[in-house]
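Please keep the sequence and the structure in view while reading.

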Amino acid sequence: MAVIIKDRNVAADPWHRLEPHADGSLRAVPAAGDIIVPLSMWQGSRAELRARPGRLGVWLDSHEDPADIAEDLKLFGVVAVNFPKFIDGRGYSIGRLLRERYGYKGELRAIGDVFRDQLFHLSSCGFNAFALREGEDPREALAAFEDFSEAYQSSVARPLPLFRRRHLASPDGMKGS
Amino acid sequence: MYVYDKIDQRLVDERVAQFRDQTRRFLAGKLSEDDFRPLRLRNGLYVQRYAPMLRIAIPYGLLASHQLRTLAYIARRWDRGYGHFSTRQNLQLNWPKLEDVPDILAELAKVQMHAIQTSGNCVRNVTTDHFAGIAPDEIVDSFVWCELLRQWSTFHPEFTYLPRKFKIAVNGAKADRAAIFLHDIGLQAVRDAAGSVGFRVIVGGGMGRTPIIGHVIREFLPWPHLFSYVEAVLRVYNRHGRRDNIHKARIKILVKALTPERFRTEVEAEWAHLKDGPSTLTEGEVRRVEARFTRPGYLPLPGGDAAHAARLAAEPAFAAWAKRNVHPHKMPGYAAVTLSLKKTGVPPGDMTSDQMEAVADLAERYSFGELRVSHEQNLIFADVRQAELHALWREARALGLATPNIGLLTNIIACPGGDFCSLANAKSIPVAQAIQERFDRLDYLYDVGELDLNISGCMNSCGHHHVGHIGILGVDKNGEEWYQISIGGNQGLVRPGAPAALGKVIGPSFARDQVPEVIENLIGVYLELRESEEERFVDVVWRTGIESFKERVYGRYHQRQERRSRSLAPA
C-alpha cells in the first residue's frame, strides 16, 4: 500500500485513484475498494458510483472548477486536486474555495507533482493530505510544515490574518476592529 | 523607514533557513535544476550569461544608510565591488556565487532586507513614487500602503505560483510618478467628497512584448477593502490566466481576452465573497504600520533661504544642478535631491561599493540617514535642508554623482542588456554610453529640454523603452544586434494629468553605431518644429505625428545607402 502524508503524519493510503486512459476515455470501475474518480466520471456515473460498495472520492484537475462538486461534497471521503506541474498554482485557489467557500471539511489531498517545498503553502490553503510524487521521502518532507512559524495573510490554516491576531493579543491603543 | 517587528524579522530569517536548505539539497543533487529554478527565482537568484545574478529587494525603493553600507559590503565581499540599481527600485549583483547566496541573504536579514519575490511567478516588489511622503502634490503617503501590501504579498500562500510575474505599483500623489498604467495592478490614491481615502484600481497594463495601457476597473475602492479586492483580482488571474504560453501569461492578456468589462465583472463577483471578510483592513492596522515608520525630525524653517538664493545667482554650475536635480518638498526650507547615476562613461544605474559607502555618509549628514532608489535608476535624498544644498552638491560632485541631467536626454534608463543578461538580444550599456558621449554638451542638453530616453536590450522591456519619449529596443537579426527606435512614449510621470502612452516605432532598425546619429536627427526635427521652449520633444511628437521624424531619419539614411551602393557599384 502506498504511503501519503496525512495530518502531518506518514500514513498508509487505502485509496485507489482512477485515472483516465491516455486517450481520455474512462477506466472500468473496480467492484470493491475505496476509489478516487476523475470529475468527469463522477459527473457521468453518479448513480452507479454511489450504489457500489466502498468509499468514494473525486479528484479535480487544475483547470477544473470546484463549484461543480460544491453540492456533492458530503458524499466524498476525499477530494483530491491534481498539480500537473508544481508551478501550476491553480490548485491553491481550488483548495481555498473548497474549504472557505464550499465548506468542505473532509480530507483534501494534493496529488501529482507534489514535493516538500510546496507543503507549507498547500497546508495554508487547506490541504491536509499529500501524495508526494515518486522518489520523495515523506518522512523528510514533514519538516516543511515548520518552514515558517507565522503568516501575514488570512488563509485556511489561519483564518484571521496576523494583523487581526495581533490586535486580539494586545488591543491597547488600536482603534477599529 | 519601516522598522521590522519581531515577526517581520522572524519570517525573513526563516526564509533564509528555508533557502539555505533548498540550496544544500540542490548542490547535493537532491533537487533537480527544474525543481530548484522556481525556488531560487523567488529568492532573487537568476543564472545569467556569465554568472548568477542576485536581485535584492529594496521595498518601494526606500533604503536606510546602514542598509546601503551592508549592500556595499556584500558587493565587495561576494561580488566585484559594484551593484546595479534597476528600474524596479531593486539592486542587482551580477557576479555572486550560487553557494554564497544563502550567506548573502543572511547578511541582508541582519539589516531587515531580503531578496524575497524579486523574481519568479509571484507578486513582486511593490513600487511607488520616489517622492512619497514629501511631495507637495501628495494625496497620501504611499509608503504606508506599500508596506501593508508588502506584508500582504510576502509568502501569500495562494498566489505563490501564478501564471506569470505580477507587479503592483502605488501612486499617492496627483502626478503619476509610479507608472501605474503600466503595471499588472496600478493603485492611484484618491479621496472622495468626504475626504476618505480610497484607490482607483487599474489592471492589465504592462510593457514587454505586448505593451498595453492598463484599464480602470474601479474608480473608488475604499481603503479597508484593499487586500480583499486585490485578492479577488489575483484569484481570477490565478485560476484563469493562460499557462500554456509564457508570452501570453500576463494578466494583461487575460484582461484583453475577456475584455476589461467582463474581467471587472468576474473580479466583482469574486470580491462579493471576499468583501468584509477577515482580510478587511482596520484603521488600527494602518496606524500600526504607519507608526513603525521612522520620520524625519524636520526643523521649523522659513521657506526661502537667502544664502541659497545668493549661491544660485553666483554659481551657474550649482544653479544648473539645482534646476535639474533639486525638487520641491512639502516642508518649507527643505528640498529633495537626485544623485544622478547617469554620468557619461558609467553604465546607467551602476554604483561601486565605495560610492555606496560615501553616499551612506552623505545621507546621514544631509538627509536623516535615508535615501530612495528611483525607477529612473537614480538615488534620491528626500529631506535636504535648502541651506545645505550647496555643500551637498560639492560633495556629490566629488563623487561623480552630481551630473545635472535629471529629466534630460542623458538621464538614460537602461537595462543591463547583453553585457550581462542572458535574455537580451543586444547590448544596452554601450548604446547608452555612445548617446551620452554624443550629447555631452550641457548647453545643448538644456536647450533640448525634458526628454526621457529609455533602452531595453530585448522585448522584456526592463529598460522601459515603450514609455521613453525616445525608446530604443535591441532586436536580433540573424544573430546580429540591431536597434529599433520608437518615439512618443510617456510613463505619465512629469506633469499631472499627462497620460501614459506607448511609443510608435519609426521604421526599420539600425546598427549600433548609427543610433547616436539617428537620435541627433530626431532631436533636430524637434528643435525645428517646436513652437516654444516649453513644448517638449514628446509634445511635438504628439502634436505633429511621427511622419516628419521618419522622413528625416530614413531620408538621410536612404540617401546614404544609395551613395554607398553607387560607390560599391562596378565602374
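**A guided reading of the model**

Chain A contains six helices and eight strands. The model is a predicted one. Read from the N terminus, the elements of chain A follow the order β-β-β-β-α-α-β-β-α-β-α-β-α-α. Along the principal axes, the C-alpha atoms of chain A fill a box of roughly 65 × 35 × 25 Å. Of the 177 residues in chain A, 38% are buried. Among the contacts in chain A between residues at least 6 apart in sequence, 45% join residues at least 24 apart.

Strand S6 (residues 78-83) of chain A runs parallel to strand S7 (residues 107-112) of chain A, and six bridges join the two. Within this pairing, Val81(A) has Ala110(A) in S7(A) as its bridge partner. The strands S6(A) and S7(A), together with helix H3 (residues 90-101) of chain A, form a right-handed β-α-β unit. S7(A) also runs parallel to strand S8 (residues 129-130) of chain A, to which two bridges join it. Here Ala110(A) stands opposite Phe130(A) in S8(A). A right-handed β-α-β unit is likewise made by S7(A), helix H4 (residues 119-124) of chain A and S8(A).

Another element of chain A, helix H6 (residues 162-169), has Phe163(A), Arg164(A) and His167(A) as its buried residues. These residues lie on the same side of H6(A), because they cover an arc of only 100° around the axis. On the other side of H6(A), the exposed residues are Leu168(A) and Ala169(A). The cover over the buried residues of H6(A) includes helix H9 (283-291) of chain B.

In chain B, consider an open sheet of five strands. Its order is S3-S14-S15-S12-S11 (chain B), and the pairing is antiparallel. Strand S3 (62-64) and strand S11 (326-328) of chain B stand at the edges; each has a single partner strand, so one side of each is left without a neighbour in the sheet. From one strand to the next, the twist averages 35°.

Helix H3 (residues 65-78) of chain B lies across S3 and S14 of chain B and runs at about 85° to S3(B). Helix H13 (residues 389-398) of chain B lies across S11, strand S12 (334-339) and strand S15 (379-385) of chain B, running at about 10° to S12(B).

Met1(B) counts as partly exposed because it has 18 C-beta neighbours inside 10 Å. Met1(B) and Glu370(B) are 369 residues apart along the chain, and their C-alpha atoms are separated by 7.4 Å. Leaving aside residues up to four places away in sequence, Met1(B) touches Leu62(B), Ala64(B), Phe293(B), Thr294(B) and Glu370(B).

The nonpolar interior comes next. In soluble globular proteins, nonpolar side chains tend to be buried together. The largest nonpolar core here has 170 residues, of which Val233(B), Val337(B), Val359(B), Phe381(B) and Leu522(B) touch the most other members. Helix H6 (residues 226-240) of chain B gives the most to this core, namely nine residues. When residues up to four places away in sequence are not counted, Val233(B) touches Ile185(B), Val203(B) and Val267(B). A second, separate core has 38 residues, including Val78(A), Ala80(A), Leu108(A) and Ala110(A).

Finally, the two chains meet. How many residues of chain B are in contact with chain A? The contact involves 33 residues of chain B and 32 residues of chain A. On the side of chain B that touches chain A, at least two residues each come from H1, helix H2 (33-41), helix H5 (142-153), H6 and H9 of chain B. H1(B) supplies the largest share of that side, six residues.

Terms used. Residues are numbered from 1 along each chain as its sequence is written. Chains are lettered from A and ligands numbered from 1 in the order in which they are written. This is a predicted model: local features need pLDDT of at least 70, side-chain atom pairs count only at pLDDT 80 or more; totals for chains, interfaces and linings use all residues. Two strands pair if DSSP finds at least two bridges between them. Helices (H or I, at least four residues) and strands (E, at least two) are DSSP runs, numbered from the N terminus. A crossover is right-handed if, with the strands pointing away from the viewer, the path from the first strand over the helix to the second runs clockwise. A nonpolar core is a set of buried Ala, Val, Leu, Ile, Met, Phe, Trp, Tyr and Cys residues joined through C-beta atoms within 7 Å. A residue is buried if 20 or more other C-beta atoms lie within 10 Å of its own, exposed if 12 or fewer, and partly exposed in between; C-beta atoms are placed from the backbone. Two residues are in contact if their C-beta atoms, placed from the backbone, lie within 7 Å. The arc is that of the directions from the helix axis to the C-beta atoms. Axes are lines fitted to C-alpha atoms, for helices over the stretch in contact, and angles run from 0 to 180 degrees between N-to-C directions.
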